[in-house]
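Subject: The model we talked about, with notes

Hello,

Here is the structure that I promised to pass on to you. Please open it beside this message, so that you can follow the notes as you read.

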Amino acid sequence: MLSYRHAFHAGNFADVLKHLVLDRILAHLAKKDKPFFCLDTHAGAGGYSLTGDHARKNSEFEDGIGRLWTRDDLPAALADYLAAVREFNPSGRLQAYPGSPFFERRWLRAGDRLVLCELHPADLVRLKSFVDQDRRIKVVRNDGFHECIALMPPRERRGLVLIDPSYEIKTDYRRAIETLTGACRRFETGIFALWYPVIERRRIDSLEQALGQSGIPRIQLFELGVEPDARARGMTASGMIVINPPWTLRGEMETALPCLADALGRDGGGHYRMFELTGEHG
Ligand SMILES: C[S@@+](CC[C@H](N)C(=O)[O-])C[C@H]1O[C@@H](n2cnc3c(N)ncnc32)[C@H](O)[C@@H]1O
């Protein structure tokens, strides 16, 4: 039984990094006329209220999107991400936070396709209502890891897969690596983005080691931390591991990450990492 609900965490510092990277990759895909395919293996509900009990329980969004909401001096990549969040809040007040399907739908053109996988019954209902009658988007009630293998390669031969597990089941770490390895073999030119939380640093060291030795070429890692690893319990940092990143992403993140570390770090404890996990030849 799944108990994780993203509504408790929507808009926190981890969502900011994840959705910034997602937004930049999609912007790059939408630059070319050719259609693209996007798969979101763990889609969530599509959007979240920030005024309800779930978001208010720990008010995680206040130390994430809340710290950026009124800024008008952000670097271009972050300003575009913030524009998307503002689109989701037409009242002009920060009352809701968009999920990954919103960022994905925002870049879809007439010929592009989006597949969203979600297993939680309540989030699935919300997700279907979010998608409504949009014929470019398909919602699948199935295991996202399984779909990630089954749908590769997409007929468009260009696109993005976002893998954003909750890691409430510890086997998610192993499955993420197995899925990436299998899916990359089937869709060598595809862009894959895996989100990870830093709760126990040694788990992420193992994840990096496994992917570094996987034979998959062109992997970059982008991580944002808000406190030193050892100081606190819970998530102190999170990252995105991107396979076949657009050539523009590194430059955008070189400007955005220091700015985020400064804005979202707690008591000056913000930090970031950005490096190539594997190069051109794996
Ligand atoms: C971290 S949340 C997703 C957040 C969303 N991607 C976003 O950025 O707005 C993870 C979601 O995956 C769902 N889930 C968990 N295991 C899954 C699986 N094996 N396949 C598909 N969805 C799953 C959970 O119910 C939860 O809604």
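Predicted model: local features only at pLDDT ≥ 70, side-chain atom pairs only at ≥ 80, totals over all residues.

Residues are numbered from 1 along each chain as its sequence is written. Helices (H or I, at least four residues) and strands (E, at least two) are DSSP runs, numbered from the N terminus.

Helix packing

Helix α1 (residues 13-29) packs against helix α4 (residues 100-107) at an angle of about 20 degrees, and their axes are 9 Å apart; axes here are lines fitted to C-alpha atoms, for helices over the stretch in contact, and angles run from 0 to 180 degrees between N-to-C directions. That angle makes α1 roughly parallel to α4, since angles under 35 degrees count as roughly parallel, over 145 as roughly antiparallel, 65 to 115 as roughly perpendicular and the rest as oblique. On the α1 side the contact is made by H19, L22, D23, L26 and A27, and on the α4 side by S100, F103, E104 and W107, where two residues are in contact if their C-beta atoms, placed from the backbone, lie within 7 Å.

The axes of α1 and α3 also come within 9 Å, but they cross at roughly 100 degrees, and the two helices are therefore roughly perpendicular to each other. In this pair, H19, L20, D23 and R24 of α1 meet A77, L78, D80, Y81 and A84 of α3.

Helix α8

Which residues of α8 are buried? They are I204, L207 and L211, and a residue is called buried if 20 or more other C-beta atoms lie within 10 Å of its own, exposed if 12 or fewer, and partly exposed in between, with C-beta atoms placed from the backbone. As a general point, an α-helix has 3.6 residues a turn, so residues three or four places apart point the same way. The face of α8 turned away from the buried side carries the exposed residues R202, D205 and Q209, whereas the buried residues are covered by elements including α7, β7 and β8 (219-225).

G190 is found in the loop between α7 (171-186) and β7 (191-198), and G190 counts as buried because 22 other C-beta atoms lie within 10 Å. Leaving aside neighbours within four places in sequence, G190 is in contact with G159, V161 and N244.

S59 lies in the loop between α2 (53-58) and α3 (76-87) and is partly exposed, with 13 other C-beta atoms within 10 Å. D132 is in the loop between α5 (121-131) and β5 (137-140) and counts as exposed, because it has 8 C-beta neighbours inside 10 Å.

Finally, M152 and P153 are joined by a cis peptide bond, with omega about -5 degrees, and P153 sits in the loop between α6 (144-150) and β6 (159-163).

Best wishes
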